[in-house]
Amino acid sequence: MSASLYCVATPIGNLTDITERAIKTLKEVEKIYAEDTRVTLRLLTHLGFQKQLVSLHDHNEATRVTQVLADLEQGMNVALVSDAGTPLISDPGYHLVKEVAKAGFRVVPIPGACAVVAALSAAGLATDRFVFEGFLAAKSSARKASFEQLKAETRTLIFYESSHRIEGFLEDLVAVLGAERELVIARELTKLYESFYRDTAQSLLTRLGMDSDMQKGEFVVLVKGSNDVVEQGSVAVETVLQVLLEEEISVNQAARIAARITGQAKNKLYRQAIEMSKLLN
Ligand code: SAM
C-alpha cells in the first residue's frame, strides 16, 4: 500500500456484513480514524484484533484533517470508518476526503453496507433514477419546505430518519406530498426486526401511530416519485397557450404550435385556447 486514506464501510446491523477486503484493510493500516472509537472498538473486538483508534467526528474534523495529512506525509496508511455503513454517507469525512484528495494522496473506497442502497435494493420502487436526501431538518416548517421542493420530483425519493422523528416526518410528508403517495419504510435493515412496510403515506402514518414497535429503530423512507404528469402537463399547456395568445397569434395557430410543443391533441388545445382568448380580450 502506498500512503493512502481508505474509506472503509462497516456493517449497518448484522456484524457479518463486512467484506474480506474491509477486514484486511483495517488490519493492515496503521491507524483508524473513527466517528466513535467505542463503537469501532466493539467491531474490532468482534473481528479479533486491535488497532490504534483516533476519533474523527463533526466537531473535530477540521483538526483531524491536519493530523491525517501529517500521517500520510510520513508514509502511513490510515482508514476512516463511521459508526455504521459507508463513511461520508450522512456521516463525517467529507472535508477530510476533499483535502486528502486535494493534497494529492490516494483515497480508496472499500465498499460495503449502506442503508440507502440496501433499502432501495429491496423496496420495490423504481431504482433507475433516485434522489437521496439524507436527513431532512428536524423543524416541521423547514421539513415541509423541503417536501414542497420535492413535490413534483418524478424520481424515487429516499430519506434517512430516526425513531424520535419518524412520526412527525410522516405527518409533514402526508401534509405536503398527499395522503395517497406510495411509500416504503425500511426499518432495522439487516437486524433481527428488519421490516419493510409498503403502503400509502396516510395508511403508514395511521399504522405507525397505533403500533409503538413500528416506531422503534432506524429508518429509511422511500417515496414513489410524482407521476402527476397530467397535472404538470396541463399547467405547462396553459402557460404555452397563454404566451402564444398574448403574442396575438390566432387561436388556430396557437393550438397547432402548443400541440407540437406539448404533444397534446390539437382539438382539445383549440377549445382551451378559445376559452383563454375570451378571458384575454
Ligand atoms: N453511513 C450510514 C450508511 O451508509 O447508511 C448512514 C449513517 S446515518 C448517521 C444513520 C441513519 O442511516 C439512520 O438514522 C437511518 O436513517 C439509516 N440507517 C442506518 N442503518 C440502518 C438500518 N440498519 N436500518 C435502517 N436504516 C438505517
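This is a predicted model: local features need pLDDT of at least 70, side-chain atom pairs count only at pLDDT 80 or more; totals for chains, interfaces and linings use all residues.
View 1. The domain assignment of the protein chain gives three entries: domain 1 (4-113), domain 2 (116-226) and domain 3 (229-280). The centres of domain 2 and domain 3, taken over C-alpha atoms, are 38 Å apart.

**View 2. The ligand between two domains.** Residues of the shell around the ligand come from both domain 1 (4-113) and domain 2 (116-226), so the ligand lies between these domains. The ligand takes up the space of the largest pocket. Two elements each give two or more residues to the shell around the ligand: β7 (156-162) and β10 (218-223). Of the elements, β10 gives the most, with three residues.

**View 3. The shell around the ligand.** The ligand is surrounded by 19 residues. Ile89, Asp91, Tyr160, Leu189 and Phe219 are the closest. Sorted by class, the shell holds 11 nonpolar residues. Three polar and five charged residues are also part of the shell.

View 4. Start with Asp91, one of the closest residues to the ligand. An N or O atom in the Asp91 side chain is 2.8 Å from a nitrogen atom of the ligand. Leu189 also belongs to the closest residues. Here the backbone takes part: an N or O atom of the Leu189 backbone lies 2.8 Å from a nitrogen atom of the ligand. At Ala115, a backbone N or O atom is 2.8 Å from an oxygen atom of the ligand.

**View 5. Cover over the ligand.** How much of the ligand's accessible area does the protein cover? On its own, the ligand has 560 Å² of accessible area, and the protein covers 91% of that area.

How values were computed: Residues are numbered from 1 along each chain as its sequence is written. Side-chain values use heavy atoms; hydrogens and water are left out. A residue is near a molecule or strand if one of its heavy atoms lies within 4 Å of it. A polar contact is a pair of N or O atoms within 3.5 Å; within protein, one must be able to donate a hydrogen and the other to accept it, and residues adjacent in sequence count only if both atoms are side-chain atoms. Accessible areas come from the Shrake-Rupley method with a 1.4 Å probe; for residues, only the protein chains shown count as cover. On a 1 Å grid over the protein atoms alone, a cavity is a set of points where a 1.4 Å probe fits but cannot get out, and a pocket is an open set with protein on both sides within 12 Å along at least five of seven lines; lining residues have an atom within 4 Å of a point. A molecule sits in a cavity or pocket if more than half of its atoms lie within 2 Å of its grid points. Helices (H or I, at least four residues) and strands (E, at least two) are DSSP runs, numbered from the N terminus. Ala, Val, Leu, Ile, Met, Phe, Trp, Tyr, Cys and Pro count as nonpolar, Asp, Glu, Lys and Arg as charged, and the others, Gly among them, as polar. Domain bounds come from an automatic or database domain assignment.
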